[in-house]
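Me: Please take a close look at a single part of this structure and describe it in a connected way for a reader new to it.

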Amino acid sequence: MADLKLPIEEHIPEHDEQSSPQVHDILLEEERKPIVPDEISILPLRESVIYPMLIAPLSISRDGGIKLIDDAVSGNNRVIGVVAQRDPQFDEPGFDGIHEYGCAVIIRTLVKLPDSVRLIVQGIQRFRIVERISEAPYMRARIEVIDEPEVTEEGAEEIEALRRTVAAMFEQAIRLSPGLPDELRSLTQAVNETNVMADLVAAHMHLNVQDKQKVLETINLEDRLKALLEMLVREVRVLELTSKVQTEVNTELSKSQREYYLREQLKAIQRELGEGEDRGEELDDLRLKIDQANLPAETLKEVNREYDRLKRINPGSPEYSVARTYIDTIVALPWHEATVDNLDLLHAMEVLNHDHYGLDKIKDRIIEFLAVRKVKSTGVIRQPILCFIGPPGVGKTSLGRSIADAMGRKDTRLSLGGMRDEAEIRGHRRTYIGALPGQVIQGIKRVGTNNPVVVLDEIDKLGSDHRGDPSSALLEVLDPEQNSTFRDHYLDTPFDLSKVFFVATANRLDTIPAALRDRMEVIELGGYTEEEKVEIAVRHLVPKQISEHGLRPSQIVFKREAVRKLVRYYTREAGVRNLEREIGSVVRKVTRQVAEGRTSKMTVTERFIETALGSPRYLHDVIRERQITPGIAVGLAWTPVGGEVLFIETTKMAGTKGLIVTGQLGDVMKESITAALSFIRSHSETLKIDMSQFEKNDIHVHVPAGAVPKDGPSAGVTMLTALVSLFTGRLVRPRLAMTGELTLSGQVLPVGGIKEKVLAAQRAGVESLILPEQNQKDYYEEVPADIQKLLTVQFVNRAEQVLKYALEK
């Protein structure tokens, strides 16, 4: 049986060579098992547990322990009991300081030293303390010897399975543990008795005292094997993790050592080739750039700190590129570079008129800003922060470039549509891999001046998620009181944005957060009239498409009537994008003819438009296409892409006073129908409507097209007119449309989007309008004069007036 060296009970320094130890060889009879007496002397062990059949060395230095050994040897009673202490810190533990279970051992060899006794013992049998006899000078107790249980035939197979599993886990632990010799692998095969094998495995493993004591105290063999297996599995898992960590550390160290060795070789080669000074020259150039950048004091302090750190970093380290990129970014920013504004008001107006037709309100605002710059020559001039609201295709984004050209500034555009990450505005902190400044700082770096025109495109389409809310980050950027010290997360130093001319664009205002909307000067851009579209096409779109398709003005010319036909019969929109596409289609037809050999100049006429694009898409106006019967009225609606004409259809059928509403209507619109119906029922006598109609009929209100969601209060007067027309049988006047919110008391309240609604009505063939009286100023200020001449408008503030003007007699 192999000897096992366990942690000894107490560590004693090696004895002096000159001391002559007395060695007592105690002859034992190997052929018989020693008898364990009922009363036995107890030796407490520190951090050690001994099992039956185990041979272990012990070193005794406590007075009580030495006295016990002397008495045992002199009394020819070499069987003693060893029990593990509960707390190894106590020098003289009593019965309360030791465990209840221990192991009886026989002293095989004893060596006396001047201040201690060393001996080798062998475990005999488990025991349990049943009675305490004495504690001085050492503990003596009456014990109950515990025999190993017999294995029954029924449990033999499970015991064997557990034995094999324990053996396999033990071999795996030996393979993973550098402190255990490989010779121990044969232990599980050399020992036949399962109980002895379990005890020896527990003794060899690096388990804590509590686990080893648990194995000693578990008498049932099956339970002992299960407990031991659980400890082995835990130990193997720890050893595997330790081995993995050690392998990774060794790999990393080997990699670092290899890199260091290669770098040293590279330095030596560079010195031989005379290239060793390149890094020094690089740092000198960077220092010169920092000095020439004329940075603010706080920024210069941060850059100097990073530069000093850069000098200490090895060029092969990833940190080197991070620090170098940061310094390059800071130095490249235009801290003091700015363009000089062109304050010639006539020149600015010429540029704006050349690039865009109409849009007088925006042009006046730009000229006013330049006038202030021209008059106020000293002090801080606050830059305007404009927000253009309007349908697609009216020129909001291109206005930003025109404003920059008119003022002599550079421009950059940031597309905010779908942006969800706050770091896109504020930048990423440098702790992240691949960190970059925010889009605002990057745009200013690209243009190279600190006073560009920055277009924040589609600001109404910003999103938000777990990465932050970009619209909240824009609050600081667009606040004139704060943006002079804007601190990007990447730069981590203030940058002045107060000289930047911000222009935001959006299709709708209600999706922009209120706090952000409050920081901007909102200017609404309505849709274009037919005449404006024709003028825009002649001035801008036709020349642009001719140039883009490789033709010259000498090869193609558009008749004005042909352009008007395109506008009137092939497009129906607030902006001019579809119009530009249709013009491009016509030009491509001509380009093909030129490519096929045509040499004469092509004149685009109304007939050629039909040949190129097919039959007109909108033969008649919308009003003429619909048959107006009692119960149908025409309303006006506003959408993000311009105004629309809305048909309200009502009908009644035999039923029980029910109301059916269809057409994907929102809650507000449904409430408008209910309010209109309540007004009619409460004024049925005045309106000459028989009350029995409400009791005997179901009412159905439908708003085509059914696939398009609709909502809002502005159709209130239209609902009222359609329902009164249904119940009275009176037709609504031809080519009449209306808009306005209706209250339960019959008041007509103002609505928004008057210009877009009026233009949509005129495009649809409407000749008469009913508008709220409080929208009269909007009508005369926003609607072009040529459109006003084509329409007859009645301004009302009561429901009775609406019905008077809307219904035929």
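Reply: Two strands count as paired if DSSP finds at least two bridges between them; helices (H or I, at least four residues) and strands (E, at least two) are DSSP runs, numbered from the N terminus. The model is predicted: local features need pLDDT of at least 70, side-chain atom pairs count only at pLDDT 80 or more, and totals for chains, interfaces and linings use all residues. Residues are numbered from 1 along each chain as its sequence is written, and side-chain values use heavy atoms, with hydrogens and water left out.

The part in view is an open sheet of five strands, arranged β9-β10-β13-β8-β14 with parallel pairing. At its edges lie β9 (411-415) and β14 (521-524), each pairing on one side only. Within the sheet, β8 (residues 385-389) and β13 (residues 501-506) are joined in the parallel sense by five bridges. One of the residues concerned is F388, whose bridge partner in β13 is T505.

In α14 (residues 439-447), the buried residues are V440, I441, G443, I444 and V447, where buried means under 20% relative accessible area, exposed over 50% and partly exposed in between (1.4 Å probe, protein chains only). Seen down the axis of α14, these residues fall within an arc of 160 degrees, so they line one face of the helix; the arc is that of the directions from the helix axis to the C-beta atoms. Just after α14, G448 adopts a positive phi of about 80 degrees.
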